[in-house]
Amino acid sequence: MAAALALSWRGRGRTAPNPNVGCVIVRDGRIVSRGWTQPGGRPHAEAMALARVDARGADVYVTLEPCAHASGRGPACADLLVEAAPGRVVVAAGDPDPRTDGAGIEKMRNAGIDVVENVLPGEARRAMAGFFARREKGRPHVTLKLATSLDGQVALPDGTSQWITGPEARAHAHLERALADMVVVGRGTAASDAPTLNVRLDGLGERTPGRAVLTSEYSNFAKLQLRADNPVWQHLASPEAIAGLADTDHVLVEGGAGAAAAFVAADLVDRLVLYRAPILMGSGLSALGDIALDRLDDAHGRWRLLESRTLGKDRLEVYERA
Ligand code: AOF
Ligand code: ZN
């Protein structure tokens, strides 16, 4: 299942509104086929894996309950599996889509397939976080990226921020972009840095996500649109407006400090990616502006450390909503 989950991450940022599912087929202890949801959402992971091998009697590992609905876009994976007749299907998490929601499991069990459910729901929800956020919260999953000095600054008093972190951390940040459907920046960043927000990693250039700019004033947005050197922006009048972004299940908020604070204050950040450089900056601009925190007690218990490692000279820490 770990191998199927790793495959599912390949689709992240490219399959919305469909989940990025992963699937492996195992025979005699060897992986004989692999599949993952393709860009645009079809073919589904199971369809891709089953197309490559005779799965009769084999074990199928899939990160999401196989879909039970036949649609104009393709067959139901549960039907494909019944036809392929594997001996066992192992599922990491259920599919909350009302067209499936248990019906996929039932179809396979009725056909005599041994089905093992819910083996790694936490990891599956992490990998397909945007799909679950849409279903459960009616909005995309949000990652906030911060690159700071040891003392928590993101820029010098004059605004200089290039560069705080080294090349390894910056490459990792590009990977985060590749995993998003939409990158969001504040108006200041969009106007002053003229950022391209593209993915500058070999072989991943075509994974550049959409770009949105957060600014309450439409006239400010219109001015930005006039600049020839800018990418095509979508407009967000508030952090909550992410709910209305089409085909967007994974949002990456890249700054500046005002936009970051707005998302934190609106309690819309689900995951924090913090790059910390071994430098001290003293006075300057802190990573977040005002987040309307009244009591220190209210700041506690909100974040759980998920991952911590070095990236070159810098430190990466990933936190998720506790
Ligand atoms: C699977 N395997 O790889 C994916 C699934 O628009 P459609 O017809 O593709 O259906 C979208 C629904 O299919 C989506 O809401 C989710 O329930 C399921 N996605 N299911 O068996 C896959 N991506
Ligand atoms: Zn399917």
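**Overall picture**

Modeller: Here it is, a predicted model. Of the protein's 322 residues, 48% count as buried.

Biologist: How many helices and strands does the protein have?

Modeller: The secondary structure comes to 11 helices and 15 strands. The radius of gyration is 22 Å, close to the 20 Å that the globule rule gives for 322 residues, so the protein is as compact as a globular protein of that length.

Biologist: And what does the C-alpha trace span along its principal axes?

Modeller: About 65 × 40 × 40 Å.

Biologist: What share of the contacts with a separation of 6 or more comes from residues 24 or more positions apart?

Modeller: Those account for 72% of them.

Biologist: Switching to the surface, how much of it belongs to carbon and sulfur atoms?

Modeller: 51%, out of an accessible surface of about 14900 Å².

Biologist: OK, now Ser149. Where is Ser149 found?

Modeller: In the loop between strand E6 (141–148) and strand E7 (153–155).

Biologist: Is Ser149 buried or exposed?

Modeller: Buried, because its relative accessibility is 0% and the cut-off for buried is under 20%.

Biologist: Which side chain does the Ser149 side chain make a polar contact with?

Modeller: That of Asp151, at 2.5 Å.

Biologist: And which residues does Ser149 touch, leaving out those up to four places away in sequence?

Modeller: Ile164, Arg276, Ala277, Ile279 and Met281.

Definitions and conventions
Residues are numbered from 1 along each chain as its sequence is written. Chains are lettered from A and ligands numbered from 1 in the order in which they are written. This is a predicted model: local features need pLDDT of at least 70, side-chain atom pairs count only at pLDDT 80 or more; totals for chains, interfaces and linings use all residues. Side-chain values use heavy atoms; hydrogens and water are left out. Helices (H or I, at least four residues) and strands (E, at least two) are DSSP runs, numbered from the N terminus. The radius of gyration is taken over C-alpha atoms; the globule rule is 2.2 Å times the number of residues to the power 0.38. Buried means under 20% relative accessible area, exposed over 50%, partly exposed in between (1.4 Å probe, protein chains only). Contact means heavy atoms within 4.5 Å. Accessible areas come from the Shrake-Rupley method with a 1.4 Å probe; for residues, only the protein chains shown count as cover. A polar contact is a pair of N or O atoms within 3.5 Å; within protein, one must be able to donate a hydrogen and the other to accept it, and residues adjacent in sequence count only if both atoms are side-chain atoms.
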